[in-house]
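Take a look, then we'll go through some questions about it.

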Amino acid sequence: MTSAKDQHLANVAEIQEEILEILEGMENVLDWRPDADTWSAREVITHMLFTPPGGVPQILKGIMDGEVVEYDLWADQKYMTSEAEAWTLDEVRGQFAGYFDALESGLAPLTDDVLEASTALVHQRNRHWDEPRTAQWLVERLFAGHWREHLVQLRELKADAFA
């Protein structure tokens with residue numbers, strides 16, 4: 001039987017491979033959008049990297065260190081900065097590499113029991129709820145589940161950009 005931690009590490013590897021495959025060839029379309037209401041790939045990328053604010057690896061580390069007992073979460077936040085607006089495709093890849101390295105190293109020493117027992121109060125600001133959530137939820141839902149939804153979105157954007 002595979003542990004939850006092992007499944008999380010497998011998800012990290014799978015998602016990293018998939019994001020790198022999606023990004024291949026997107027040098028000139030990171031800011032392209034099919035219409036004014038659709039996010040660009042760059043906007044989706046910053047949303048993925050920085051939801052929740054600081055990113056999943058930083059929040060996970062904070063929960064484990066006892067420094068994060070609560071955090072804010074906003075749905076549909078782009079987190080665009082002037083720095084992110086200037087990222088080249090190689091810099092985007094570097095952002096993802098740092099993210100995945102931090103998440104893997106944060107997960108490595110944890111046990112399933114620690115993931116389930118470690119909690120922080122989440123304030124979902126624009127949906128108006130506050131609930132304690134486990135580190136397990138953070139990695140399973142806010143990373144893997146959330147990111148897989150946006151990988152579909154990025155694949156569609158890429159396909160539309162080259163259609």
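A salt bridge here is a side-chain nitrogen of Lys or Arg within 4 Å of a carboxyl oxygen of Asp or Glu. Heads up: this is a predicted model, where local features need pLDDT of at least 70, side-chain atom pairs count only at pLDDT 80 or more, and totals for chains, interfaces and linings use all residues. Residues are numbered from 1 along each chain as its sequence is written, and side-chain values use heavy atoms, with hydrogens and water left out.

Q: Which residue meets Asp31 in a salt bridge?
A: Asp31 sits in the loop between helix 1 and helix 2 and its partner in helix 2, so the pair ties together parts 11 residues apart in sequence. (Helices are DSSP runs of H or I, at least four residues; strands are runs of E, at least two; both are numbered from the N terminus.) The N to O distance is 2.6 Å, and the partner is Arg42.

Q: Is Arg42 buried or exposed?
A: Buried means under 20% relative accessible area, exposed over 50%, and partly exposed in between (1.4 Å probe, protein chains only). Asp31, at 47%, counts as partly exposed. Arg42 has a relative accessible area of 5%, so Arg42 is buried.

Q: How far apart in sequence are the parts that Lys78 and Glu43 tie together?
A: These two form a salt bridge, with the closest N and O atoms 3.4 Å apart. Lys78 lies in the loop between strand 1 and helix 4 (82-86) and Glu43 in helix 2, so the separation is 35 residues.
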